[in-house]
Amino acid sequence: MEMSELLTPDAVLPAVKSTSKKHVFQEIAARMGEIYGLPSRRIFDALNARERLGSTAMGYGVAIPHARIEGLDRIAGLFARLEHPLDFDAADGKGVDLMMVLLAPEDAGADHLRALAKVSRLLRENGTRSKLRQTPTGSALFALLTEPAASRAA
């Protein structure tokens, strides 16, 4: 599974100004609802329900909120860079400023896990996180996120 299968150019938010986890989830749910034709309230509720089970923060300022959504026909993503880090109860205590949100169909099974693993591997790379924090535009962020791994390592 490639990042280009999870993201579209309009699903990259380069400067989210939200000041709380609730507000960032509302903004993300609204955008994903527009892009993927789903009720934003359903997305918001699903992301909140998953977050209540345990933090989706993986450390290093990164979180991967994810949920299964009724009515979705494929795994869909959205990348958001936050202007101000938010507390996500990360194990390392760092605020989150990079988020990759994944929504999966209810019956996604192993594909959902593969997508989570792909995103986790990408965002674990210190160089990638640094570039994501420095890249100025949504289109440049999309290009960076979707370029082949070999190109990023070069």
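Q: What covers the buried residues of helix 3?

A: This is a predicted model, in which local features need pLDDT of at least 70 and side-chain atom pairs count only at pLDDT 80 or more, while totals for chains, interfaces and linings use all residues. Residues are numbered from 1 along each chain as its sequence is written, and side-chain values use heavy atoms, with hydrogens and water left out. The cover over the buried residues of helix 3 includes helix 2 (21–36), strand 4 (66–69) and strand 6 (96–105); helices (H or I, at least four residues) and strands (E, at least two) are DSSP runs, numbered from the N terminus. The buried residues of helix 3 are I43, F44, A46, L47, N48 and E51, where buried means under 20% relative accessible area, exposed over 50%, and partly exposed in between (1.4 Å probe, protein chains only). Helix 3 itself has 14 residues (residues 40–53), which at 1.5 Å a residue should span 20 Å, and its end C-alpha atoms are 20 Å apart, in agreement with that value; the expected span is 1.5 Å times one less than the number of residues.

Strand 6, named above as part of the cover, also holds D97, which is buried with a relative accessible area of 13%. Leaving aside neighbours within four places in sequence, D97 is in contact (heavy atoms within 4.5 Å) with G61, A80, R81, L82, P85 and R133. With R133, the side chain of D97 makes a side-chain polar contact at 2.8 Å, a polar contact being a pair of N or O atoms within 3.5 Å in which, within protein, one must be able to donate a hydrogen and the other to accept it, and residues adjacent in sequence count only if both atoms are side-chain atoms.
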